[in-house]
Amino acid sequence: MKIAVFAGDGIGQEVTAQALRVLEALPLPLSFLTGDVGGMAYKKHGHPLPPETLTVARECDAILFGAVGDPDCDNLARDLRPEQAILGLRSAMGLFANLRPAKMFPGLEGASALRPEVASAIDLLIVRELNGDVYFGEKGMRTTDAGLREGYDIMSYDESEVRRIAIAGFEAAQKRRGMLCSVDKANVLETSQLWRDVVIETAAGFPDVKLTHMLVDNAAMQLVRNPGQFDVVVTGNLFGDILSDQASMCVGSIGLLASASLGERKTAHGTFGLYEPIHGSAPDIAGKGIANPLATILSAAELLRHSLGQEEQAARVEQAVAKVLADGIFGADLGGDADTATIGDAVLARL
Ligand code: NAD
Ligand code: IPM
Ligand code: MN
């Protein structure tokens with residue numbers, strides 16, 4: 001079982017090191033290949049996603065990804081910026097379905113930005129489309145007839161893109177509590193009107209799933225008013241990006257939310273995927289050794305589950321993480337003083 005490890009920039013390096021320790025401790029025949037991505041890859045190879053990194057990705061069953069993003073690179077041409085590494089991998093590997101679970105851990109109710117009784121009901125999954133939307137449409141800078149600078153980014157989805165992510169949403173709901181909430185902005189956007197129409201058409205194949213629709217502004221509000229109402233949320237690339245960061249703080253910290261990005265490519269024991277925390281390179285705390293590695297460790301658990309078919313080991317890792325939190329071992333993001341390595345040690349001890 002071959003895993004590509006792309007740690008990237010900033011705290012990406014720090015959190016990935018802890019997730020690797022966890023994977024290495026499991027009784028599995030894993031081999032690890034590394035690759036450069038992001039600002040560090042640009043500085044070394046002149047490109048955030050060098051061809052040799054893509055080659056490594058294609059040779060493996062899964063990718064464990066840290067984070068990319070480097071303030072030194074924020075003024076580069078867009079196609080050379082660190083973020084293009086993750087966007088490029090998602091696109092090149094056809095990873096269109098991004099699963100971002102958010103669940104309250106027992107013992108963390110007090111760390112949520114919400115009241116404990118509201119937060120304790122959180123058990124939701126955001127299914128975010130990852131290969132389209134305003135992220136991948138035509139974009140640029142131009143000058144208007146009046147001589148003003150104008151930036152533009154085209155938002156679009158074709159029906160096949162919506163259908164495949166809708167199916168992913170319905171299938172996820174079938175495995176959970178049978179509820180799917182599709183989030184869009186159909187009252188204003190044509191892209192969202194097509195989204196809604198196609199989701200409704202797709203629902204015919206899933207009579208066992210209860211489908212609802214919600215406008216994204218209301219969804220942002222409902223996520224803090226009553227997050228317990230959501231089971232699976234299916235939404236576009238941009239809305240899913242924003243709502244998932246918001247969901248993280250409902251649970252307690254962005255340092256806790258994992259993700260799996262999946263497509264159609266199969267491995268010997270499951271589906272090829274890229275696994276990463278939902279957070280970024282956190283330049284404000286990079287190098288201090290205080291980042292919370294749990295989101296990346298939980299991403300490694302998703303990797304075991306979806307790409308390697310190792311449900312038992314995945315559950316073991318998740319239980320060890322839950323135990324660390326139940327035991328009150330918190331990093332600075334949760335109001336505690338455990339550093340990155342101490343949290344990694346604590347997970348290993350509980351495995
Ligand atoms: P960020 O997620 O990196 O950080 C936001 C805030 O959360 C910061 O205050 C940070 O210190 C904190 N935080 C994030 N992860 C944490 C963790 N594990 N433990 C403790 N605290 C944590 O978002 P940002 O600051 O908006 O972006 C920084 C850079 O990361 C940008 O270049 C951005 O493009 C990039 N980014 C990359 C990814 C990715 O690689 N998938 C995701 C998001 C942002
Ligand atoms: C994420 C990040 C990325 C996104 C950026 C870094 C391109 O915010 O994975 O959530 O917007 O998808
Ligand atoms: Mn994001």
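An α-helix has 3.6 residues a turn, so residues three or four places apart point the same way. H9 comprises 15 residues (237-251) and should span 21 Å at 1.5 Å a residue, which agrees with the 21 Å between its end C-alpha atoms. The expected span is 1.5 Å times one less than the number of residues. After H9 comes Gly252, with a positive phi near 145 degrees.

The model is predicted: local features need pLDDT of at least 70 and side-chain atom pairs pLDDT 80 or more, whereas totals for chains, interfaces and linings use all residues. Residues are numbered from 1 along each chain as its sequence is written, chains are lettered from A and ligands numbered from 1 in the order written, and side-chain values use heavy atoms, without hydrogens and water.

Ligand 1 is surrounded by 20 residues (a heavy atom within 4 Å); the closest are Val68, Glu83, Gly280, Ala282 and Asp284. The table lists polar contacts, which are pairs of N or O atoms within 3.5 Å.

| Residue | Protein atom | Ligand 1 atom and distance |
|---|---|---|
| Val68 | polar backbone atom | oxygen, 2.9 Å |
| Glu276 | polar side-chain atom | nitrogen, 2.9 Å |
| Asn292 | backbone N or O atom | nitrogen, 2.9 Å |

Taken alone, ligand 1 exposes 800 Å², of which the protein buries 69%.

Terms used: Helix = DSSP H or I, 4+ residues; strand = E, 2+ residues; numbered from the N terminus. Polar contact = N/O pair within 3.5 Å; in protein donor to acceptor, adjacent residues only side chain to side chain. Areas by Shrake-Rupley, 256 points an atom, 1.4 Å probe, with all protein chains shown as cover.
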